[in-house]
Amino acid sequence: MKLIGPFKQIVPLRHLPLRGKLEDEQLEVIENGGILVAEDGRIERVGAFSDLERLASDVERIEGDKVALPAYTDCHTHICFGGNRANDFAMRNAGKSYLEIAAAGGGIWSSVQHTREASEEELLALLLPRIASLVRLGITTIEIKSGYGLNKVQELKMLRVIASAKKHTKASLISTCLAAHMKPKDFEGSPSDYLDYVLREILPEVKAEGLSDRVDIFIEKSAFQPQESLLFLQKAKAMGFEVTVHADQFTPGSSRIAVEVGARSADHLEATVAEDIAFLASSETVAVALPGASLGLGEPFTPARKLLDAGGILAIASDWNPGSAPMGNLVTQASILATYEKLSTAEVLAGMTYRAVHALGLDDRGILDAGKKADFVVYDTDNFQNVLYQQGQLWPSMVYMDGCKG
């Protein structure tokens, strides 16, 4: 077994509740700690370095004052895409409306067109550097959605590219089929007809090829309406898919559908109203805050404080996409969200680790403890609080996946 350390501090995030608010006093901080890793890349023990040294057959010694945290999980991204929408951002900041931007050739449809034009090889060449940049930020589990193909050939192309990317990175990639992102402009029929097409033509092939076991839908006035979305999600679940929902981004109400259908998560929630906060918080559906979208669009933040105070499960993800959330820096976004929503350091770290892991249906990572994946991030600092204090300016010096440097 290999012992990695000593670290000035290890913050393992173990023995903390899945839901509800957290106080910083609940955080366990191991001084002069070590992480003992078995040959299979799982953690054997975490504790005082001096106690673990006698158990190790090999020691990877860490020099200087460093802090170790569980590696982060980004449970909501759209990083498989072609094209660029910098003009959208400039027009939006100049006061142009969504319709004006779309009329000028922007919006989601712009990303659809550029993604359709790209070959699988070209999309993979664009995707891999984005994955690498997330890993450098300490993110080792990454959810990636389709949703810029919007027909059978193109959605399957995107999902195959994500599957191909898994061969080129040590990071864990979790694919989600978001064919129900919007009704494509070139589809003849109603939004309900398009959802039937997704169920009939796309999802069976996704299942047959093993490209994803997750399905997402964007419920919004500009996309799909609540009742047709509910039926779609119920049918997707019956096909064996786990479901998640883009909910309450601009208008309230769709988070209730996520809960009703037993969705793994409801993501966005910027427009969630008081009665729906209580409804969501009392469910098993994870509330996923996407502060990058709020920053990109100038919209309110997810009511994270109220969701936690009501006993909800709160995760935090980047929503990295070419339109509304182009930043991609999860720690910066989460630090800003914490400032506006008054979240404790414990709540933010939990939202990017074990609670985000739960939003993906995983239970083998997100904390540093025996039996878990030895995925952790190391910072050159003597105080773990500096990670959020510096709002993303403090980058990891090392990222470990399965006990090995990434």
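Trainee: What makes helix α13 largely enclosed by the rest of the structure?

Mentor: Nine of its 12 residues are buried, so the rest of the structure largely encloses α13. Buried means under 20% relative accessible area, while exposed means over 50% and partly exposed lies in between, using a 1.4 Å probe and protein chains only. The buried ones are L330, V331, T332, Q333, A334, S335, L337, A338 and E341. Bear in mind that this is a predicted model, where local features need pLDDT of at least 70 and side-chain atom pairs count only at pLDDT 80 or more, though totals for chains, interfaces and linings use all residues. Residues are numbered from 1 along each chain as its sequence is written, and side-chain values use heavy atoms, leaving out hydrogens and water.

Trainee: What happens at the start of α13, and what comes just after α13?

Mentor: At the start, a side-chain oxygen of N329 comes within 3.3 Å of the backbone nitrogen of V331. Just after the helix, K342 has a positive phi of about 55 degrees.

Trainee: How do you know how many disulfides there are?

Mentor: A disulfide needs two cysteine sulfur atoms within 2.5 Å. The sulfur of C177 has its closest cysteine sulfur in C80, 12 Å away, so that is too far for a bond. The structure holds zero disulfides.

Trainee: Why is C177 put in one accessibility class and C404 in another?

Mentor: C177 has 1% relative accessibility, so it counts as buried. C404 has 38%, so it counts as partly exposed.

Trainee: What makes β15 and β16 a pair?

Mentor: Two strands pair if DSSP finds at least two bridges between them. β15 (residues 398-401) and β16 (residues 404-405) have two bridges and run antiparallel, so they qualify. One of those bridges sets Y400 against K405. The two strands form a hairpin with two residues between them, and D402 in the turn has a positive phi of about 55 degrees. On its other pairing, β15 joins β14 (residues 376-379) through three bridges, also antiparallel, with V378 opposite M398.

Trainee: How do you know whether the faces of β15 are covered or open?

Mentor: M398 and Y400 on one side and V399 and M401 on the other are all buried, which leaves both faces covered.

Trainee: What makes a nonpolar core, and which residues have the most contacts inside the largest one?

Mentor: A core is a set of buried Ala, Val, Leu, Ile, Met, Phe, Trp, Tyr and Cys residues joined through side-chain atoms within 4.5 Å. The largest has 102 residues, and L69, Y72, I131, F232 and M352 have the most contacts inside it. Helix α7 (residues 191-209) gives the most to this core, with eight residues. A second, separate core of 16 residues includes M398 and F376.

Definitions and conventions: Helices (H or I, at least four residues) and strands (E, at least two) are DSSP runs, numbered from the N terminus. A polar contact is a pair of N or O atoms within 3.5 Å; within protein, one must be able to donate a hydrogen and the other to accept it, and residues adjacent in sequence count only if both atoms are side-chain atoms.
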